[in-house]
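Please keep the sequence and the coordinates open while reading.

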Protein chains: 2
Amino acid sequence: MPAPARTSTEAVVAAGRAILEREGLAGLTMQAVATEVGVRAPSLYKRVRDRAALVGLVVDAVAGELAERLEQAASTGDPQRDLRALAAAFRSFAHANPAAYPLLFDPRSGGPSPEALGASSAAVLRVSADLAGEHHALAAARTVVAWATGFLSMELAGAFRLGGDVDEAWEYGVTGLARALGRDSNG
Amino acid sequence: MPAPARTSTEAVVAAGRAILEREGLAGLTMQAVATEVGVRAPSLYKRVRDRAALVGLVVDAVAGELAERLEQAASTGDPQRDLRALAAAFRSFAHANPAAYPLLFDPRSGGPSPEALGASSAAVLRVSADLAGEHHALAAARTVVAWATGFLSMELAGAFRLGGDVDEAWEYGVTGLARALGRDSNG
DNA sequence: ACCTGAACACCGTTCAAGT
DNA sequence: ACCTGAACACCGTTCAAGT
């Protein structure tokens, strides 16, 4: 009477993430996930409460991986270089996860868990403190992340349709922010 | 045999927008819109091709209204003041349209039409040119809009969960951007 | 303890039939 | 010319029944 588990929460989340990138959020159905892990849709409810919870777990997994990338990126100790490295890490992560990335900041997805959020914030906060001073660290970090995530959302959405060079606009932005944060902000 | 029209595309779009804010994107169903305009769901297909097209029309309407607000806001002629006014207009519009605003930059909504996009961009481009010089106008405008939209997406998503004062972070960002765009950028 | 088929409510969409 | 009921495919979710 036992009954062998034919899948796992990790497998379900991994499948969800793969399908999300392959088919988009609308394609991330319970049936599609069930098929991918080799089970029938109702069985998924042994692993996750409902579809929203599944999406939440996927978002958390993505946030965790982003945190790793940011941590690896901001490691030179030179605040100006680290800021540029953080920005580059954000952008390459977004390009590699175009469907998942916008979900991290989507009002409708609940957002990442506090833990995942904290992990993702750590590296940015550290560099922001180095650059803008402890007193302005939080506001500076929010400015950087807001710019990066807004830019990348727009880039992924194809919202830059007035011509011009998108890479150049990105470069302009990083440079401007590095300058803005680094000036007479040693509060 | 004629057959009186019992609704109109404008009424459908207005209903869609109202329901979007009341019930969220998931609540914006063809049935809900049909009920609101006093018709049965299949009749909506005389006005819009499908649900995605309806959402697109709603997004366009919202983009058009945002363009008006931005145009009204940036009118003092002083670039620094106009930039702050633009930022304030973005934020109050987002707060007034919390469900619709993120859709403007959502990869999944197709985004606003080129016309609506152009109208929304005009005021920001003008102020950016005044501030950063014609040569950097586009990159500067993209920096400002990216920051504002990213900040507001995060604010609406409840992503600022590390404490601190959100208004202060906004203020810090505007000030930093105004400084960054206005310095030695007269290319 | 987990898996399944069957069932239900709900949604988008099509279409023949009405006026 | 527009509106409608009926129908279809599809989806999330529940649950009793299997092992």
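Contact here means heavy atoms within 4.5 Å. This is a predicted model, in which local features need pLDDT of at least 70 and side-chain atom pairs count only at pLDDT 80 or more, while totals for chains, interfaces and linings use all residues. Residues are numbered from 1 along each chain as its sequence is written, chains are lettered from A and ligands numbered from 1 in the order in which they are written, and side-chain values use heavy atoms, with hydrogens and water left out.

Start with the fold of a single chain. Chain A has seven helices and zero strands, where helices (H or I, at least four residues) and strands (E, at least two) are DSSP runs numbered from the N terminus. Its C-alpha atoms fill a box of roughly 70 × 40 × 25 Å along the principal axes. Of the 187 residues in chain A, 51% are buried; buried means under 20% relative accessible area, exposed over 50%, and partly exposed in between, with a 1.4 Å probe and protein chains only. Among the contacts in chain A with a separation of 6 or more, 65% are between residues 24 or more positions apart.

Helix 6 of chain A (residues 137–157) is mostly covered, with 18 of its 21 residues buried. At 1.5 Å a residue its 21 residues should span 30 Å, and the end C-alpha atoms are 30 Å apart, which agrees; the expected span is 1.5 Å times one less than the number of residues. Just after helix 6 of chain A, Gly158(A) takes a positive phi of about 70°.

Next comes the relation between the chains. Two copies of a chain are related by a rotation about an axis and a shift along it. Here chain A can be laid on chain B by a turn of 180° and a shift of 0.0 Å along the axis, with an RMSD of 0.0 Å. This is the relation of a two-fold axis. The same surface serves both copies, since 100% of the contact residues of chain A recur in chain B. The superposition is by least squares on the C-alpha atoms of residues with pLDDT of at least 70 in both copies.

The pockets are found on a 1 Å grid over the protein atoms alone: a cavity is a set of points where a 1.4 Å probe fits but cannot get out, a pocket is an open set with protein on both sides within 12 Å along at least five of seven lines, and lining residues have an atom within 4 Å of a point. Grid points are joined across faces, edges and corners, and a volume is the space filled by probe spheres set on the points. The largest pocket has a volume of about 420 Å³. Of the 19 residues that line the largest pocket, Arg108(A), Leu25(B), Arg51(B), Leu103(B) and Asp106(B) lie nearest its centre. Helix 3 of chain B (residues 51–73) gives the largest share of this lining, three residues. The second largest pocket holds about 300 Å³, and its lining includes Leu25(A), Arg51(A), Leu103(A), Asp106(A) and Arg108(B).

Asp106(B), named above in the lining of the largest pocket, sits in the loop between helix 4 and helix 5 of chain B. Asp106(B) is buried, with a relative accessible area of 6%. Not counting residues up to four places away in sequence, Asp106(B) touches Asp106(A), Arg108(A), Ala157(A) and Gly111(B).

Leu117(B) lies in helix 5 of chain B (residues 114–132) and is buried at 11% relative accessible area. Beyond residues up to four places away in sequence, Leu117(B) touches Ala159(A), Arg161(A) and Pro112(B).

Helix 4 of chain B has buried residues that pack against helix 1, helix 3, helix 5, helix 6 and helix 7 of chain B. One of the buried residues of this helix is Arg91(B), whose relative accessibility is 13%. Leaving aside neighbours within four places in sequence, Arg91(B) is in contact with Phe151(B), Leu152(B), Glu155(B), Val166(B), Asp167(B) and Trp170(B).

Val48(B) is in the loop between helix 2 and helix 3 of chain B. Val48(B) is buried, at 5% relative accessible area, and touches Met30(B), Leu54(B) and Leu57(B), not counting residues up to four places away in sequence.
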